[in-house]
Amino acid sequence: MKNRALCPFCLLITALAGLGLLILSDFSSRLLAQDTNATGGNAAKEFVLFPEETSIFWTSDLNSRGRSQDVLRLTDDEKNGGLALDYDLPAGSGWAGAVRSAPLQDSAATLVVSLQGDPGATGFVMIEGSDEKRFGASFKLEDSTEKRLSLPLDRKTFGRALGKGDGILRFPLRNIGVFVTPDAASKGKLLASHFAYTSSKPAEEFPCLLSVAASHFDNVFFPSEDKTLEVVIRNRTTQARVSELAVRVTKDDGGEWSWSHKVEIPALATVRVPVKLDLPEPAFADCLFSLGKESETFRTTVSVVRPPQLSSIPFKDALYGLCTMAHPQTAKRIGARFFRVFFYWQWTEKSAGVYDFDKYIKDGQDCKDAGLGVIWTFEPNIPSWLGVKEMVLLNQPEPLQRFGEWVRAALKALPVGERAVEINNEPDITIGRTSLVTQDEAAAAAAALLKKGYEATKAVDPSIPVLGGGGSGEGTRILGFTQKMLRDAQGKVDYYSAHPYSGTRYITPDGSVMWPDQYLVEMLEKSVKVATEYTQGKALWSTELGWAYPMNDLYLSTSTKDYAAICAQTLVLFKVVPGVGKLAWFRGFQYKLGLNERSYDYSLFLQSYKGMRPTPGVNAFATVASLLEGAKTGEKLNLGPALNGYLFENPLTKQAVATIWTTRYDVSPKDRLPEGTTIIDLYGRDLRTDSELRLNRGPTFFVTSLAQSAALKSYLSKARWRPKQPFIITNIGSSQVNNLKLTVESFLLDDTAVDIKAGDAGTHTVLHPGVNKVTLTGTEKLFESNPLTIAVQISGVDIAVQGMLNKPVVPVPYLSTGSVLIDGALTAVKLKIAINTLDKRSDISPPDPSIPWEGAEDLSVRYGYAWNETGLYALYIVRDNKHVGVDGHDFWNYDSLQLAYDPQTKGGDSGYQPGHREIGLALDKTGKVRIVQTYPQKEDAPDVQAQVVRKDNDTVYEIFIPWAYFYGNGPIPAAHSILAANFIANDNDGSGRKCWMGPAEGIGSGKLPARFPWLHLLPPNATK
């Protein structure tokens, strides 16, 4: 599923030789913040980097033997107001230090810091770019004299990459760190203070720093509470400043609130201003704080949520939790009942039999004190001393025994509370992606770890539930890796911990994403079936599921509003499938400001100044958890094609709750709601019944007493609903250039007679509620434009809907049989076919500006198609200056080609369907051609001809597909036929797939056949 680090800072490496030692100068002046208005002198102006430097803002990060609390303590440098690192590095240790967020733009020229060792010290300063790549510059302090370190922010100074990466430093910087190594002294203290930077554009720098501290519960408030935030302003200059502090608050419903106050900031001083927000009811608020021309603006967010209705619920019965969350008390406020916590073997047993569980003991105690349960996910990432090459090779007696001893030792050390154990996160990825063994052998190895973890857990406490099979979305498919693993575990697992992700889980600004109601219930039902067959508890406890929004939409936006609606839908749907017992939403928070996955972020909370801040998903989580925790399994309501709805009875809160959302567009009820029903929106507000109620994709909740449950169901089932838009075209297809095949969805409750016109094609038909298939016949003029652009109109009595159909069309020339050979040779005939080109930044996916694409030589594609009566020929010439052959089962993670076909132009925006095809082509690391059919899944190579040849910096992919592969014994295409095809070229430069390139989306980040370009088969001798 995701490429996760094994620990927050595990990318740093132990060996630092070759970094080069920087010359340090004595530092005696205490005045670091120079007056930005001063003139004269050659010294570069320094700008204070942080409003405050104390240890609360830093996180320890170490690679050493021994217990973490014995190796490193972070405290305050009382004298300088900075950070103190007290360290005691055992023999064989690598480094110990601290990291904090430091967003610096590319105008920052030099990083400056004061260091003092007691005694002297050696170490390095780390910087982390926007792509999470890290670089280090070493230092050496000969004695205890304080030194001023000036580090130009370039690759000459930060001379070595720490961990994997391409060696390119990318701004903005996200984090900085200060580390000591045992070269000079294995025990001592390092003081780091007065962090600053110089700028290449000093005239554009602001004289003050403005920050807003997170509240005690991470900016999550209940309606009745005081909502005061502390504004922190630091004057960087030697001149006093007077300015207007202003606040503008924008709420999720569009409402606004503002406030301003004059503030005086003495020279070089820090002032604090409390600001009380006027937010009396549940809402999500986007808050912008400004100080005129004195500082950059500061943006934060606030969630005012409905309190949980239940003070407690037994862990075994609780449904809603969070994965990778930080603050239990905050989580409890929004209705989370448990945490899922990753527990890593490599970092807690760094030498055989020596355990370091201190951090986890504290985390477990914090959860216990807050009344939260914990699911401990034991990750068998391999300790270096074990001498095992890959995780799949842990399937041996001694490694298995060591793994079991580690699990037992951990459970004995951790606080005894409400807890469960999960063995191995996403084993289909951690164990299944290897070329060392077959997939069946890999599944057996994962099962051996699961059995050993089960036995170790039960030996400590037989009552602890054991979870397993937590595969990624792909790993949960029927007859896939997870099912094989659970079969081989032979019943030594209590609950199935599937992660039922959709392939399209990235919420783009245009709203393109697979919503939970498009697939989730079916996937959960299949997972429960697997759980019933293979587990003791016969139920699903899902330890991870989430969606992600763009990193540039971290506040209140269309994307984050959709994220909230999707979160709410998911939490509701987990209550409608019998046999589903738990959901840990992924993820509870994002530790730092770096990228999470493909420039998208999954987090409910994001790091802020002195804590975290919420996203709109926090309100959604709190609302659903408050209303549905403790409810019985929901009942599906029949509300027509425009709405999805479920009715829940909750004996613990004595409420009946109907939750309803639209399938596409806004819908309003024609009838007045019954008395005694409270209507609550996604953000937790009671809606006013005296205004028109409008339902949308985010669930709305109708709440009444249990005694009125039947009456509420009756009303909702009989109500008349008015959709904002009556029809939508969900797919456009074609078999010939003189016809269009439209899939039209009607949201009306009755049959409706309409006229449909597209270009010179049209028809009169009756649209039934729900999905309708309509064929329009015209002339070849339908395909005169490329891309195909056709105006469509649907009209009936008092109805008129207009829109445009757009589809890219690729002309495919006729080529007689025998004109080309599938041999990798680029003949003149073949080169004439490859007339289409992808060589621009806009052709790269995902659309992440931090992806290191260096132009056409790095990745570009020339491609084309040809056809005749026997089949379809395709040629792809992929230019890639670094080829990485396949070394594992997941070929797409290496340099490769993925080809997808929709021969009957069925389309679809929620995955592949019968009739679709997907094929993978690649060279493995030995140079052997690999041909894989990935949809429908097939063990043997598909019945096609293909060749892959590497020539200089080009990889030539050829394939010939007989028509029978697409159409069986059915009619074969003729001239002017239409079919849909798409492809992507995957690029791996040594660290996994970094990006891909193709003519359209619909393969790499979700299977969306509706987006595939069409191929137009030209007649013989036709001019294009």
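Trainee: Where does Arg587 lie?
Mentor: Arg587 lies in the loop between strand 30 (580–586) and strand 31. Helices (H or I, at least four residues) and strands (E, at least two) are DSSP runs, numbered from the N terminus.

Trainee: And how far can I trust this?
Mentor: The model is predicted: local features need pLDDT of at least 70, side-chain atom pairs count only at pLDDT 80 or more, and totals for chains, interfaces and linings use all residues. Residues are numbered from 1 along each chain as its sequence is written, and side-chain values use heavy atoms, with hydrogens and water left out.

Trainee: Now strand 31. What is the strand order in the sheet?
Mentor: The order is 31-33-34, in an open sheet of three strands with mixed pairing. Strand 31 (589–590) and strand 34 (611–614) are the edges, each pairing on one side only. Two strands pair if DSSP finds at least two bridges between them.

Trainee: How many bridges link strand 33 and strand 34?
Mentor: Four, in the antiparallel sense; strand 33 covers residues 605–608. Phe605 stands opposite Pro614 in strand 34.

Trainee: New topic. What is the phi of Leu268?
Mentor: Near 55 degrees, so a positive value in a residue other than glycine. Leu268 is in the loop between strand 18 (256–265) and strand 19 (270–276). Leu268 is partly exposed, at 37% relative accessible area. The cut-offs: buried is under 20%, exposed over 50%, partly exposed in between (1.4 Å probe, protein chains only).

Trainee: And Asp798, buried or exposed?
Mentor: Exposed, with a relative accessible area of 80%. Asp798 also has a positive phi, about 60 degrees. Its loop runs between strand 47 (788–796) and strand 48 (799–807).

Trainee: Last one. Where is Gly634 found?
Mentor: In the loop between helix 11 (616–628) and strand 35 (635–637). Gly634 is buried, at 14% relative accessible area.

Trainee: What is Gly634 in contact with?
Mentor: Leaving aside neighbours within four places in sequence, Lys575, Val576, Leu647 and Phe648. Contact means heavy atoms within 4.5 Å.
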